[in-house]
Amino acid sequence: MIIQPKTRGFICTTAHPEGCAQQVQRQIDYVTAQPAIEGPRNVLVIGASTGYGLASRIVSSFAAGANTIGVYFDKAAEGARTASAGWYNSAAFEEAAASAGRKSYSIVGDAFSDEIKAKTIDLIRTELGQIDLVVYSVASPRRTHPKTGETFASVIKPLGGTYTNKTVNFHSGEVTQATIEPATEDELRQTIAVMGGEDWQMWINELEQAGLLAEGATTVAYSYIGPEITHAVYREGTIGAAKNDLEATARRLNGQLSANGGRAFVSVNKALVTQSSSAIPVVPLYISALYKVMKEKGIHEGCIEQMYRLFSERLYSKGETLVDEKSLIRVDDWEMRPEIQAEVADVWAKLSTENVYELSDLEGYRREFFQLFGFETDGIDYEADINPDVNIPNLR
Ligand code: NAD
């Protein structure tokens with residue numbers, strides 16, 4: 001099959017196995033060139049196939065030398081359809097981990113379900129014994145509650161009033177105004193049910209009850225705060241309310257795990273191009289402006305650089321883990337530096353269709369978006385006929 005990108009808005013419905021493998025290898029190469037981390041031995045990553053979860057898994061395995069289990073929701077190739085990017089990423093990861101002599105297993109399915117939790121628990125018991133780090137990095141538009149059967153949908157909307165700001169079609173470069181009506185009470189409730197902390201709490205409870213958390217085990221989930229311009233739609237909107245719930249869950253889990261020397265954190269990460277962030281209005285244009293400013297200053301980071309810094313300088317640094325006044329880990333610290341934010345705000349005020357490629361790194365954004373699916377990657381022959389059927393070595 002000759003695989004080319006097929007996009008529908010912010011979704012790409014095809015993925016390229018060799019391009020994805022190359023993107024994973026690039027992340028592994030970055031990590032193996034850094035000093036090793038004295039960290040966890042056995043790691044469970046929930047939401048492990050793309051974005052921050054995949055980078056966390058790569059750092060665990062290739063910087064800390066850990067065995068890993070990845071849980072994720074991805075699809076194999078079928079007929080004329082390619083597999084999803086996360087499928088190809090995970091196949092490449094598992095092959096590389098095996099070559100490096102580390103154990104790695106994949107569980108593909110709905111992390112919100114009792115069935116997948118039970119399956120993961122069985123696998124940990126038989127293959128790893130106990131876990132000393134649980135990374136929770138699920139980003140999903142929907143969740144079916146395992147006890148009530150209700151299916152919730154998350155929305156990205158402001159609360160209270162209508163929000164209007166600039167947004168970009170990152171394929172065409174057209175900058176327009178996006179107007180988003182406020183969420184209803186029920187939309188808010190559903191978004192918190194999908195992206196809040198309930199499922200993370202359920203995972204930790206079940207692992208703890210099964211006796212599978214090692215003494216001193218750590219758990220971490222990811223959040224975002226971001227600039228003033230996106231506050232109304234993000235941090236003070238429905239998704240921000242869900243993140244508040246996630247952060248409250250971390251405080252609760254920290255109390256729960258501390259009885260056994262354990263810890264729970266939320267890490268606030270930088271805004272980056274991922275499948276999830278490209279779906280949020282306004283954010284792709286903000287990321288384009290941010291990338292331009294941070295690249296010019298030489299402090300740009302991608303998922304892998306962020307996660308390596310999280311592990312080496314926060315979670316597994318010598319001494320106490322550095323947190324802010326709300327007990328949050330801040331690896332968005334470089335993004336949020338006042339001089340970076342001031343420059344981005346300055347660019348933001350001027351951005352229009354006419355100058356977007358000049359004032360922002362929209363070209364870089366667009367390229368990274370395609371790279372998420374294995375396209376626009378150096379060294380790959382996109383005219384070559386390749387087999388889309390790729391096996392994940394240790395799929396359970
Ligand atoms: P992503 O879309 O790249 O990854 C999401 C992962 O969740 C994938 O592995 C996917 O397979 C998995 N997943 C989705 N639904 C699932 C389900 N039902 N069962 C099992 N797995 C499922 O997203 P991301 O941007 O890396 O986001 C991960 C976390 O990081 C989120 O909490 C997000 O809010 C946070 N974060 C993202 C950014 C950003 O800019 N991208 C910034 C800060 C924090």
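Leaving aside neighbours within four places in sequence, Gln341 is in contact (heavy atoms within 4.5 Å) with Pro227, Tyr286, Leu290, Glu335 and Met336. Gln341 is found in helix 11 (residues 338–350); helices (H or I, at least four residues) and strands (E, at least two) are DSSP runs, numbered from the N terminus. Gln341 has a relative accessible area of 16% and therefore counts as buried, where buried means under 20% relative accessible area, exposed over 50%, and partly exposed in between (1.4 Å probe, protein chains only). Gln341 and Gly226 are 115 residues apart in sequence, and their C-alpha atoms are 9.5 Å apart in space.

The structure is a predicted model, in which local features need pLDDT of at least 70 and side-chain atom pairs count only at pLDDT 80 or more, whereas totals for chains, interfaces and linings use all residues. Residues are numbered from 1 along each chain as its sequence is written, and side-chain values use heavy atoms, with hydrogens and water left out.

The ligand has 29 residues around it, of which Ser49, Ala111, Lys243, Thr274 and Ser276 come nearest; a residue is near a molecule or strand if one of its heavy atoms lies within 4 Å of it. By class, this shell has 12 nonpolar, 13 polar and 4 charged residues. Here Ala, Val, Leu, Ile, Met, Phe, Trp, Tyr, Cys and Pro count as nonpolar, Asp, Glu, Lys and Arg as charged, and the others, Gly among them, as polar. Helix 2 (51–62) and strand 11 (213–223) each supply at least two residues of the shell. A polar side-chain atom of Ser49 lies 2.7 Å from an oxygen atom of the ligand. Backbone N or O atoms also lie by ligand oxygen atoms, that of Tyr222 at 3.3 Å and that of Ala139 at 3.4 Å. The protein covers 92% of the 840 Å² of accessible area that the ligand has on its own, with areas taken from the Shrake-Rupley method with a 1.4 Å probe; for residues, only the protein chains shown count as cover.

Arg235 lies in the loop between helix 7 (228–231) and helix 8 (238–258). With a relative accessible area of 12%, Arg235 is buried. The side chain of Arg235 reaches the backbone oxygen of Tyr224 at 2.9 Å. This is a polar contact, defined as a pair of N or O atoms within 3.5 Å; within protein, one must be able to donate a hydrogen and the other to accept it, and residues adjacent in sequence count only if both atoms are side-chain atoms. Beyond four places in sequence, the residues in contact with Arg235 include Ser223, Ile225, Thr230, Asn244 and Glu247. Lys243, one of the residues that come nearest to the ligand, is also in contact with Arg235.

Helix 3 (residues 85–99) has 15 residues and reaches 21 Å from its first C-alpha to its last. This is close to the 21 Å expected at 1.5 Å a residue, the expected span being 1.5 Å times one less than the number of residues. Gly101, whose phi is positive, near 85°, follows helix 3.

In helix 5 (residues 185–195), the buried residues are Leu188, Gln190, Thr191, Ala193, Val194 and Met195. They pack against strand 7 (142–144), strand 8 and helix 8. In helix 13 (residues 362–371), Leu362, Gly364, Tyr365, Arg366, Phe369 and Phe370 are buried. Their cover includes strand 1 (7–8), strand 2 (11–12), strand 9, helix 9 (283–296) and helix 12 (356–359).

Most residues other than glycine have a negative phi. Val282, although not a glycine, has a positive phi of about 75°. Val282 lies in the loop between strand 12 (263–268) and helix 9 and is buried, with a relative accessible area of 0%. Ser327, likewise not a glycine, has a positive phi of about 65°. Ser327 lies in the loop between helix 10 (303–315) and strand 13 (329–330) and is partly exposed, at 42% relative accessible area.
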